[in-house]
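Notebook open, structure loaded. I'll jot down what I look up as I go.

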Amino acid sequence: MKRMMPCATRAFLWENDMSWQPNPLEEQRLEKLARLREAGIEPYPLRVERSHTTAEAIAAFEAAAEGDTVAVTLCGRLLSVRDMGKSVFADIADESGRVQLFLRRDDVGEEAHAHFRKLLDLGDFISASGEMFRTRMGEVSLHARGWTLLSKAISPLPVAKEQEVDGQVVRYSAFADLEERYRQRYADLAVNPEVRDIFRARARMVSALRRFMDDNGFLEVETPILQPLYGGAAARPFTTYHNQLKQELYLRISFELYLKRLLVGGYERVYEIGRDFRNEGVSFKHNPEFTQLEFYAAYWDYRDVMDFTERMLAAAARETLGTTTITFQGHTIDFGAAWQRLTMRDAIRQFAEIDYMDYPDATSLAKAIKDIGGEAPPNAPWGKLIDGLLGDFVEPRLIQPTFILDYPRDISPLAKSVPGDPLHVERFEFFIGGMEMGNAFTELNDPQEQRRRFEALQETFGKDDEERNPIDEDYLRAMRYGMPPNGGFGMGIDRLAMLLTDSRTLREVLLFPHLRERDE
RNA sequence: GACUCCGUAGCUCAAUCGGCAGAGCAGGGGACUUUUAAUCCCAAGGUUUUGGGUUCGAUUCCCAACGGAGUCACCA
């Protein structure tokens, strides 16, 4: 509803109906907040003492000699309380881990003890001071001599109970509703530590990729996201508008045409890690905005890029997970070995049992595809039919890392032709876990040929086809100054994160995946 | 965009054929000075996503809207 409303209506709602109304649990916490203030306790103090993280405190205790006291002040979020009356056990968690507090009335005083039991809630941030010790049950804990409120939580976090069984943490009634987890990712992260781990792994992975590029002499650059023309891929763009310039702009669908301009400028190896935007459908492997790594290397061809890709992904897996053998959705995938290399024609012959070279035009190929039970959209160009065969019959079978090379020329306007073969270009895509992971080619650097390819594309895709890219005259001008021969590469970072974190959908590796707006 | 399934307490889930909407956790009151899914006692918590319809009676059946999940389409 809301997304359909004109702005004036939305402003009205904003001012009138959309304000937060506390639920009964929140009312109770607001009452506790008031009582804390009455007792002279500031619920949101400015400054905080912390001597150790919880992990450091436990390590310091384990390292200390018998009988030495390890005095600490720890900070964290209250995640569990076991109230025994005159003594209380509680768990506080910080980013390094979790530690148990042991808090006795006789140690902290009657008032602090009562306030702890009656005015604190799960989700509150506190600090606690005392000495580390080991309980009778053997758990290294903090024997608290005092505590301080750091931040009062008004809304209850969906905290789950946990039990350790054979070293495995079993959680009961975990916060699991997918929609709420994505909409309220902050709550998801706060209560589901394994979700925090996914984004740590992703960060290690991106860092490893960046280091690999840097170590191989690539220069990291940033190119425009707001572009007057879009190109470099076949996708519908998002449009936006610059008020002062009175100019329609597109959010980029790829980095390609700008990065290759930089080769004209004299850089030999450039890369960019950033966001692309494609106005297309959403699925487990598609999000309207996604992160891409693209690089271009002068004097390389697509075989050099293949060799480099193998080494790059092995390094990413090794530095993210400590191994090049990963598990993805029940499959064991090996990044370490040399990858399989199959031409597109052989792959389709093998999996779809059709040799598209027997059908040299779109009409006869479409008929052949239908004869084997495949789908052939009307008016699709020849190359697109072939790519459809690959997607339907081959892609889901490519679990181990595989290069599919030599793509149809009519759908590859930026790649150089295979010598002596007018129908194919030196292009590969690579597939892992049944997903397309990236796309690369020996880049076309002949400006006249490039113009002919752009113009042919206008014919291939009809005038009304939204995938039809506008011709980028400035890109052609750049190429006329001379572009070194080069190999280029693009890869979906989010999909690689899926693989390395064994995530079933892209949404699990995006902190804030796109969801439809909802009236609250 | 199409089809299928789903939406019940803060969280996780029940509710038989259409017959008074329940439980665990969390929260509230109480007991307990080494517990760890603490335990025990008591009380409370609901516009069953929203709006219509059928019916004596709807969480349940029908229609629509909203949101989500899945499949497909789209995605060189």
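Is Arg311 buried, partly exposed or exposed? I get 46% relative accessibility, so Arg311 counts as partly exposed. My cut-offs: buried is under 20% relative accessible area, exposed is over 50%, and partly exposed is in between, with a 1.4 Å probe and protein chains only. Arg311 is found in helix H10.

Ground rules, before I forget. This is a predicted model, where local features need pLDDT of at least 70 and side-chain atom pairs count only at pLDDT 80 or more, while totals for chains, interfaces and linings use all residues. Residues are numbered from 1 along each chain as its sequence is written, chains are lettered from A and ligands numbered from 1 in the order in which they are written, and side-chain values use heavy atoms, with hydrogens and water left out.

Overall look. I find 16 helices and 20 strands in chain A; these are DSSP runs (helices H or I, at least four residues; strands E, at least two), numbered from the N terminus. The C-alpha trace of chain A spans about 90 × 60 × 50 Å along its principal axes. Of the 520 residues in chain A, 47% are buried.

Cores next. I take a nonpolar core as a set of buried Ala, Val, Leu, Ile, Met, Phe, Trp, Tyr and Cys residues joined through side-chain atoms within 4.5 Å. The largest one has 49 residues, and Phe295, Met312, Phe335, Phe430, Met491 and Leu499 have the most contacts inside it. Helix H10 (residues 302-321) supplies the largest share of this core, nine residues. Another core, of 34 residues, lies apart from it and includes Leu342 and Ile404.

Then Met344, in helix H11 (residues 344-352). Its relative accessibility is 0%, so Met344 counts as buried.

Helix H2 (residues 24-38) got a length check. Its 15 residues at 1.5 Å a residue should span 21 Å, and the end C-alpha atoms are 21 Å apart, which agrees; the expected span is 1.5 Å times one less than the number of residues. Glu26, Arg29, Lys32, Leu33 and Leu36 are buried in H2. Down the axis, those buried residues fall within an arc of 110°, so they line one face of the helix (the arc is that of the directions from the helix axis to the C-beta atoms). Pro24 and Glu38, on the other side of H2, are exposed.

I used a 1 Å grid over the protein atoms alone: a cavity is a set of points where a 1.4 Å probe fits but cannot get out, a pocket is an open set with protein on both sides within 12 Å along at least five of seven lines, and lining residues have an atom within 4 Å of a point. The second largest pocket is lined by 35 residues, with Ser80, Arg82, Asp91, Arg98 and Glu162 nearest its centre. H8 gives the most to that lining, five residues. I noted one cavity of 30 Å³ or more in the structure. The largest cavity holds about 50 Å³, a volume being the space filled by probe spheres set on the points, which are joined across faces, edges and corners. Helix H9 (residues 256-264) gives the most to its lining, with four residues.
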